[in-house]
Amino acid sequence: MTSATTRVQRPGALWAAPALIFFGIFGLAPIVIVAGLSFTTWDGLGNPEWAGLHNWRTLPSDKLVGSGLMITLTLTVLTWATQTPLALAFGAWAAGPQRIRAVVSTIFFLPLLLSTAAIALIWQALLDPTFGLPAQWSELTGLSANVLGDPDLALWAIVFVLLWQFLPFHMLLYQAAAKQIPASLYEAAEIDGASPLQRFWRITVPQLRHTIIASSVLMIVGSMTYFETVLLLTGGGPGTATRILPLHMYLKGFSAFEMGYASAIAVLLVAVGTGLSLLVVRVSGYSQMTSEREGV
Amino acid sequence: MLGSALAALALGLTTACGTSGPGADSDKAGVEVWMVEDASVNEVVQSAIDTYSKNAGIDGELVTYVNDAYKQRIQVALGSPESPDVFFNWGGGNLAQYVKANQVVDLTEAMEANPEFRDAFLPSVLDVAKIDGSYYGVPMQGVLPVVLFYNKKVFKEVGVEPPTTYSELLDLVDTFKKEGITPIVLPGAQAWTELMWLEYLTDRIGGAEVFQAIAEGKEGAWKDPAIIKALEMCQDLVERGAFGDNFSSLTSDNGSASTVLASGKGAMYLMGTWEISNQQEHNPDFLADGNLGFIAFPALEDGKGDPAAIVGNPSNYFSVNSDSDNVDEAIDFLVETMASDAYVEDLIEIGHVPAVAGIEDKLAETEHSEFTTFTYQLVAEAPSFTQSWDQAIPPAAAETMLTNLQLVFLGDMTPEEFAEAMEATQ
């Protein structure tokens, strides 16, 4: 038998159709409709009324849009800066062969099983100023128990809860990737007399380069969707201290019922999100990833 | 605390059961009623629907949604084919927006045809559903004025009496502070609890007309000196430490604020009369021992407002959707049911104080008769019953108001800036 030299002809467009239609209806169509709505005023009752550029003119003068964008970006940077080093360290540690590490990592993964809403409500109860943890540490150390109500602390509380929630997931990524690193690299390094720390920095970290990028992309793009944690934990408060842009959009849409204006914010969010993910992909070289099996 | 954490856990691990939409496939006329989820009231309404359906030979159905979801659902559903025949609303500005969109049936004619039905309700409560001189809603549950709760045990231990005037209240603030007790519990994580202070102070300073002008959208109404003064008094209370150091973290959602009062860590708590159900749920012993005290909001010595005036939620209302195929049946259901002895008695049984005249004797027999009688008299004797501002003004303005009010309480916004920002929403 001769091997087939001609490629099997696949009806490309037809095969892609189900996915394309799905993406069109649930991905593209809403964006187009929202973009259209952003030129109207609509409170959900009756029909949208054409408003021209009114919503778009309001956008720059709305202080909460500017501050919302800043808080969103701050939150993105803080979550990345806290989660990446910890996930990397824990993930590399958990990749070791010892049984105790497997047991401990299983416990660490528990937050992955909980929904975001449950996590936010649990931490809201735990951070209660009178009956929660802050009341205890306030008694011990004299520090303020006003965590979620302090404009300077509330954002850090959110960063912490997000860390608690998402660390296990990223740890899992690093653990899986670290297990793939060939043992021969470590053996060779050991023979050369490299210390454990040197092995971590010279072998583990470089070998995990692509995982670091993948995990960072997930974190940064995902940070646009931290909405429910913030809504349930602080509601954007105290005042407007943690009102991230997605939350501002939600409140304008479903609390103030200014659907047209909320749509304008949504379009802005889509633009920011797309820009951010393009930037990350470009800067990190995510698109040109090649095999990382160096030296093997 | 562990309890609410576990409840949250359970919430996260189970998928919520949704209520299904319209049913009524049979040939009989169907009346679909939508309301907010509230186990005890739902049961009363359900039994009223069942009784009426059987007698009138129609297909009645009750559909419920949790509070926030309901507000979104009804806003989108009205005017669509998926809309209910009878829907729950908050009266006032909330109802007015549906009326403006021509989504509500004018009930004035039905009221005039049945004067005994109309006159059964307390006028101050029924009038909240009166838009431009016509009735668009019928009170469907108890009145919920805001009152000043206090912990009797704490007052006794410190040796003080509840305040009847505002200056007495200020003295009490200093006294309790010295004792290491939070004078006033304020769950400032939710701006609507702060709004209650602004509402009462404005009413006591300038009378009910001040907010009336705002609700009517009069120019300059938000810049009324009474509003500025009331906001300054709120900030003054914060600075005096009346609300303690942690009020901006405190929430009322998980029963935290109620427990602060019940545990004696806090002395007073300005809240709607629904607080009694919160205490029943979270601190039944505190309630059973008779330690929950309640008084009307104190009088302001040099204020123009009537000290008997009240604010809060006069009631919730049932209105008829003008797109309904069964408008006549829906109206008949409301007229036959909402003031009927059976419905009123069922409401009283679950602890409500219905907005119906002449029920003192029935209230006297209830479990918390002292409280229900107090509430009833407060409402019956009030010269005005100002609806909670966030329900009375359009939702967009309400959202801005609540955000800015939190900033005022945090000291990040001045009363003048608040007035300026609100004036822009008129």
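Predicted model: local features only at pLDDT ≥ 70, side-chain atom pairs only at ≥ 80, totals over all residues.
**Domains of chain B**

Chain B is divided into domain 1, covering 29–143 + 314–357, and domain 2, covering 144–312 + 387–423. The C-alpha centres of domain 1 and domain 2 of chain B lie 30 Å apart, and the contact between these domains takes 11 residues from domain 1 and 10 residues from domain 2. On the side of domain 1 of chain B that touches domain 2 of chain B, four residues are nonpolar, seven are polar and none is charged.

**Strand pairing and helix packing in chain B**

Strand β1 (residues 30–36) of chain B runs parallel to strand β2 (residues 59–65) of chain B, and seven bridges join the two. Within this pairing, B:Glu32 has B:Glu61 of β2(B) as its bridge partner. Between β1(B) and β2(B) the chain passes through helix α2 (residues 39–56) of chain B, giving a β-α-β crossover that is right-handed.

Helix α10 (residues 191–206) of chain B packs against helix α21 (residues 395–410) of chain B at an angle of about 75°, with their axes 9 Å apart. Angles of 65 to 115 degrees count as roughly perpendicular, and α10(B) and α21(B) are therefore roughly perpendicular to each other. The residues that make this contact are B:Ala191, B:Trp192, B:Glu194, B:Leu195 and B:Leu198 from α10(B), together with B:Leu402, B:Leu405, B:Gln406 and B:Phe409 from α21(B). By class, the residues of the contact of α10(B) with α21(B) are seven nonpolar, one polar and one charged.

**Contact between the chains**

In the contact between the chains, 38 residues of chain B meet 35 residues of chain A. At least two residues of the side of chain B that touches chain A come from each of α1 (2–13), α3 (67–77), α4 (92–100), α13 (256–262) and α21 of chain B. Helix α21(B), with seven residues, gives the most to this side. The side of chain B that touches chain A is made up of 17 nonpolar, 17 polar and four charged residues.

**Backbone features of chain A**

Conventions
Residues numbered from 1 in each chain as written. Chains lettered and ligands numbered in written order. Axes fitted to C-alpha atoms, helices over the stretch in contact; angles between N-to-C directions. Helix = DSSP H or I, 4+ residues; strand = E, 2+ residues; numbered from the N terminus. Parallel < 35°, antiparallel > 145°, perpendicular 65-115°, else oblique. Contact = placed C-beta atoms within 7 Å. Nonpolar A, V, L, I, M, F, W, Y, C, P; charged D, E, K, R; others polar. Pairing = 2+ DSSP bridges. Right-handed = clockwise from strand over helix to strand, strands pointing away. Domains from an automatic or database assignment.
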